[in-house]
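Please open the model in a viewer and follow the selections below in order.

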Amino acid sequence: MKTREWLSTILALAAVIGSVALPFWYEGRRAASAPERTITLTGVASSGIWTEDPVTGDNYRKNSFKPARIRLEKGESVRLVLRSADVTHRFYMPELGVGPVELVPGHTEEVHFKADREGVFNYYCTEICGDCHFHMRGFLTVGNAADPAAAAAACDGTHRESPPAFSSLAEEGRYWFESKGCVSCHGAGGTGGVPNFNYARGTVPALNTLASKLSLESKSEVEAFTQALGQKEGLAKDKPAPGVSNWALSYAQYQSVLRTIQGGSPPLKADPKGPEPPLFMPAWKEKLGLDQINSIIAYLVSQQKFEEHTGWGM
Amino acid sequence: MSENINPNPSILPSPSATPASRPLTGPLAPPPPLEGWRIDLLKTFPWLKWLVKRRWFQFAVVLPNLFLFLVFLAAGVWGTPVGNRNILIVFVWIFWWFLLISAMVPFLSRAWCTMCPFPFFGEWIQRGSLTTPKMAAPGAKGAKVGINRYFGWNLRWPKALSNIWMQNIGFLGLCTFSAFYLTRPIVTVWVLGSLIIIATVLHVVFRQRAFCNYVCPVSGFLSLYSMSSMAEVRSRDAEVCLKCHDKSCLVGSERGWGCPWFNFPSKMERNNYCGMCMECIKSCPHDNMTVRLRPFATDTKLKGYDEAWKAFIMLSLALAYSVIYLGPWGFFKDLANFTESGRGLSAFLGYALCLWALPMVVIPTVFSAFHWVARRLAGAEPKPWKESFLLMAYQLVPLGLLAWIAFSLPLIFINGSYILVTMSDPFGWGWDLFHTAHTAWSPILPQWMPAIQVGILAIGLILTLKSVFKQAGKIYTDNRARLRFALPMALLMTLIVSLFIRLYVS
């Protein structure tokens with residue numbers, strides 16, 4: 001009888017301790033048995049980032065996380081543990097042949113790869129995952145390659161609040177350009193240059209030469225065009241903006257740009273048989289009103305650098 | 001007050017007392033003759049008898065359950081916060097609930113209480129033992145209840161609370177916040193963890209299973225719906241019990257503890273407050289206690305308004321949940337889950353008020369109105385209002401159980417694939433224990449679901465209508481009066497079922 005009671009007591013204690021200890025023991029053993037370096041990346045849609053910080057429980061709602069900064073040795077094998085904190089993401093690192101991997105919240109995916117060449121490799125979320133989706137881009141560096149300039153700042157959610165008062169149309173445009181995530185692909189100030197795997201042009205086009213594309217030849221023409229954009233009734237073909245020399249062409253180009261922003265544009269593949277480029281121009285007509293789009297155009301044309309004419313030079 | 005519960009276990013007799021001197025909950029008379037067939041399972045299956053008579057039997061069924069339960073709680077704390085990927089949410093609120101309401105209660109009565117982990121720690125402390133009954137020797141430490149020895153304070157449960165009102169209120173309270181813990185593992189941990197703590201404290205303070213009998217919100221509806229169950233623990237021969245001088249089933253013996261549920265097993269006539277711990281089977285010196293199979297819905301007597309309101313609460317919640325969780329009206333779900341949906345606190349309070357008003361006021365008022373009309377139509381010499389009210393309120397027991405089964409079916413058929421996923425990856429940490437972690441969500445027979453639900457409700461209605469007419473005969477002997485009484489009640493039951501069918505089919 002005493003033996004049975006002792007045995008029962010030991011079993012009960014083992015059940016209590018084991019229920020907590022066993023899962024952690026198994027997880028530790030699993031991680032230790034992996035021959036490669038383990039990197040855990042969690043996609044957080046509400047901040048628009050991939051992070052190595054632990055995202056547990058509901059902390060993604062209130063905490064802010066650091067974007068991941070990963071540096072690997074050339075030839076290093078990696079066990080990449082991918083998670084989503086909140087909504088469905090799709091991890092894609094095309095240059096190293098990883099993904100696309102669908103990440104359902106609450107589920108963990110593992111991929112393995114070898115960093116067999118030096119360089120900077122971008123990874124993306126290719127599933128529209130919320131207002132901060134276009135911020136969800138990161139990179140890892142292999143070997144001695146220099147870190148690229150920091151990616152666009154993480155989405156801080158301010159765009160969800162009412163926007164501040166703006167002193168100019170271009171300032172408002174900058175606000176939308178950055179808060180909606182255009183900056184993530186098109187670069188700060190629309191300088192472009194973000195690599196887009198298997199894209200015909202290689203990198204996302206720069207937008208800081210938009211003024212030239214709109215046939216605006218000088219700073220004063222840009223100012224005149226911007227003034228017309230800011231009018232309540234917007235631009236009209238039969239109401240040329242005073243000071244814009246080639247209004248018909250500028251207006252036609254403006255319409256073309258507007259169509260692209262509102263309706264989106266699929267990227268042209270470099271290799272027609274290759275995968276879809278991860279970055280593409282989405283349709284913004286449901287997310288941005290005409291006034292907001294006009295303000296972004298005003299911001300982008302303001303980024304054009306014009307050579308100052310002295311009267312003597314070319 | 002439900003008379004089957006002995007509110008004063010302190011009055012259990014000393015070993016020397018004679019049966020006649022024992023102030024039990026009623027006269028020591030044989031139970032009424034049995035209705036319907038019975039199969040004595042312990043005679044039919046000798047291995048089952050051998051099993052339930054082992055001292056380690058209950059421990060052996062609780063232990064794995066306790067282990068899994070604690071693993072689930074650990075998953076709730078450290079696992080993924082995403083509900084449908086966390087084993088705690090999936091196994092407790094989908095798998096366990098379905099198993100409990102659709103299989104265990106209808107076929108095994110309160111077998112869940114045999115293996116429930118909530119009172120494990122409390123009972124361990126209270127008994128000072130996991131498997132072996134302790135006898136109260138003269139001068140030994142610990143309180144004496146019957147002839148067994150217990151630790152803790154062993155206070156009597158207050159008489160005013162010796163009913164299931166606390167369970168009614170507790171269950172309704174829990175259900176008000178269901179949207180919070182059904183979707184958030186950590187909130188489920190708080191709820192279940194609190195129940196374990198409360199159970200442990202109450203076991204230390206009060207005698208025996210006061211927590212299970214009077215407080216546990218799960219126990220409340222199990223007590224009600226176990227009336228419909230096809231299994232029962234009963235004495236084989238009432239005469240043997242009458243002549244028995246030991247009454248070990250009540251006071252305990254060295255073979256088994258006295259009934260921890262405050263029952264006098266030998267005169268038990270309903271399942272409501274029997275936790276199927278099998279102690280009476282072990283302790284009976286005459287081998288007179290057994291487990292029997294019987295027809296569905298055999299216990300037909302509610303004994304107090306607390307039990308009647310439990311039936312109202314359960315039926316109302318089945319209805320409300322069908323609207324909130326199965327219906328196409330996201331508005332209601334948003335109200336229930338107001339922190340997630342962004343609806344204000346006042347909207348949630350409005351929702352909570354409606355959820356409470358439905359079972360506590362609206363349905364009882366409608367039921368009372370039909371009952372009043374039925375009595376008026378039937379005319380002469382009715383039994384007292386309370387008696388006929390409780391007889392008719394019983395009709396909501398089998399009907400409510402089948403309504404809950406109809407509600408719960410889609411939970412498992414639609415979300416069942418999550419069980420496979422979380423079995424393999426209980427914490428959402430990327431495990432694949434049984435190679436099912438990547439099972440895609442795939443609902444089973446969604447197109448057949450309304451038809452199956454209607455079929456279940458139709459069975460419920462047939463059983464209920466049959467029972468309405470039968471119970472009416474206990475109130476009115478005259479056939480005409482009986483019919484006049486039964487018709488409005490039958491109409492009410494039909495309307496209730498029609499409402500469910502409309503919800504599920506449309």
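How many residues of domain 1 of chain B are in contact with domain 2 of chain B? Selecting that boundary shows 37 residues of domain 1 of chain B in contact with 31 residues of domain 2 of chain B, where contact means that C-beta atoms, placed from the backbone, lie within 7 Å. This is a predicted model, in which local features need pLDDT of at least 70 and side-chain atom pairs count only at pLDDT 80 or more, while totals for chains, interfaces and linings use all residues. Residues are numbered from 1 along each chain as its sequence is written, and chains are lettered from A and ligands numbered from 1 in the order in which they are written.

Next, select α4 (87-108) of chain B, one of the helices that each supply at least two residues of the side of domain 1 of chain B touching domain 2 of chain B. The largest share of that side, 11 residues, comes from α4(B). Helices here are DSSP runs (H or I, at least four residues), numbered from the N terminus.

Then display α7(B) with α15 (residues 305-326) of chain B: they pack at an angle of about 15 degrees, with axes 9 Å apart. Axes are lines fitted to C-alpha atoms over the stretch in contact, and angles run from 0 to 180 degrees between N-to-C directions. α7(B) is therefore roughly parallel to α15(B) (angles under 35 degrees). Among the residues making the contact are B:W165 and B:F171 of α7(B) and B:W309 and B:I313 of α15(B).

Finally, select the side of chain B that touches chain A: 23 residues of chain B are in contact with 22 residues of chain A. Its largest share, 7 residues, comes from α3(B).

Methods
Contact = placed C-beta atoms within 7 Å. Parallel < 35°, antiparallel > 145°, perpendicular 65-115°, else oblique.
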